[in-house]
Amino acid sequence: MDRTQSFFASLHDARIAPLVAGSLPAWLWSPDGERILFANAAGAAIFGGDTIAAVLQKNFDASHGAATQITRLGPTLQHDAAPRLERLRGFGLSFGRALLCKCSRVSFGGHSGVLVVAAAAVIPLLFVSQR
């Protein structure tokens with residue numbers, strides 16, 4: 001299943017569909033943390049995507065902070081269980097701060113992923129050059 005197919009397959013899931021137009025950042029990560037299978041607009045903005053499609057095309061290195069946390073977190077979550085609150089770093093807050101997120105391992109269309117939904121709205125950090 002390619003990235004576009006994964007994205008559209010995830011939209012049929014009752015846990016993911018309501019997040020599409022939500023203001024809380026949301027992502028469905030591959031279990032290995034290498035890519036994002038679904039993101040809403042708020043989630044895409046946090047990872048520097050001008051569009052959702054741009055974020056879906058990104059590959060995350062194993063040393064990327066978010067990817068490392070997803071890789072560590074995924075195996076500790078039970079499939080299709082209730083979300084668990086986790087504090088994750090590198091998800092849109094300033095250095096050293098952690099974002100409280102609802103995390104769960106979900107299965108859809110024969111695939112699985114780690115669903116991460118921020119518990120509060122996040123304004124992505126913007127770096128403005130000073131003259």
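Tutor: Strand 5 is mostly covered, with seven of its eight residues buried. Keep in mind that this is a predicted model.

Student: What makes S112 count as buried?
Tutor: S112 lies in strand 5. Its relative accessibility is 19%, and buried means under 20%, so S112 counts as buried.

Student: Which residues is S112 in contact with, leaving aside its neighbours within four places in sequence?
Tutor: They are P31, L37, H79, R105, V106 and S107. Contact here means heavy atoms within 4.5 Å. As for D80, S112 is 32 residues apart from D80 in sequence, and the two are 9.6 Å apart in space, C-alpha to C-alpha.

Student: What lies between the strands in the hairpin of strand 4 and strand 5?
Tutor: This hairpin has two residues between the strands, and G109 takes a positive phi near 50 degrees in it.

Student: How do you know that strand 1 pairs with strand 5?
Tutor: Use the cut-off of at least two bridges again. Strand 1 and strand 5 share four bridges, so they pair, in the antiparallel sense. Here W27 stands opposite V116 in strand 5.

Student: What is the order of the strands in the sheet?
Tutor: The order is 2-1-5-4-3, in an open sheet of five strands with antiparallel pairing.

Student: Why do strand 2 and strand 3 stand at the edges?
Tutor: Strand 2 and strand 3 (84-89) each have a single partner strand, so one side of each is left without a neighbour in the sheet. On average, neighbouring strands of this sheet are turned by 30 degrees against each other, direction ignored.

Student: How do you know that helix 4 packs on the sheet?
Tutor: Look at what helix 4 touches: strand 1, strand 3, strand 4 and strand 5. The direction of helix 4 makes about 150 degrees with that of strand 3.

Student: What puts the buried residues of helix 4 on the same side?
Tutor: The buried residues in helix 4 are A66, A67, Q69, I70 and L73. They cover an arc of only 165 degrees around the axis, which puts them on the same side of helix 4. What covers them includes strand 1, strand 3, strand 4 and strand 5.

Student: Why is Q69 called buried?
Tutor: Q69 is found in helix 4. With 12% relative accessibility against a cut-off of under 20%, Q69 counts as buried. Not counting residues up to four places away in sequence, Q69 touches R87, L88, R89 and F91.

Student: What makes a group of residues a nonpolar core?
Tutor: The members are buried residues of kinds such as Ala, Val, Ile, Phe and Trp, joined through side-chain atoms within 4.5 Å. The largest one here has 24 residues, and those with the most contacts inside it are W27, W29, I36, F47, F91 and V116. Strand 1 (26-29), strand 2 (36-39), helix 2 (41-46), helix 3 (52-56), helix 4 (65-73), strand 4 (98-108) and strand 5 (111-118) each supply at least two residues of this core. Helix 4 gives the most, with four residues.

Student: What does F47 touch?
Tutor: Among the residues it touches, not counting those up to four places away in sequence, are W27, W29, I36, V55, F60 and F91. There is also a second, separate core of 10 residues, including L19, A26, L37 and F108. In soluble globular proteins, nonpolar side chains tend to be buried together.

Student: How many helices and strands does the protein have?
Tutor: There are four helices and five strands. From the N terminus on, the elements run α-β-β-α-α-α-β-β-β.

Student: What share of the residues in the protein is buried?
Tutor: Buried residues make up 40% of the 131 residues. The accessible surface comes to about 7,300 Å², and 57% of that belongs to carbon and sulfur atoms.

Definitions and conventions:
Residues numbered from 1 in each chain as written. Predicted model: local features only at pLDDT ≥ 70, side-chain atom pairs only at ≥ 80, totals over all residues. Heavy atoms only, no water. Buried < 20%, exposed > 50% of the residue type's maximum accessible area, 1.4 Å probe, protein only. Areas by Shrake-Rupley, 256 points an atom, 1.4 Å probe, with all protein chains shown as cover. Axes fitted to C-alpha atoms, helices over the stretch in contact; angles between N-to-C directions. Arc of directions from axis to C-beta.
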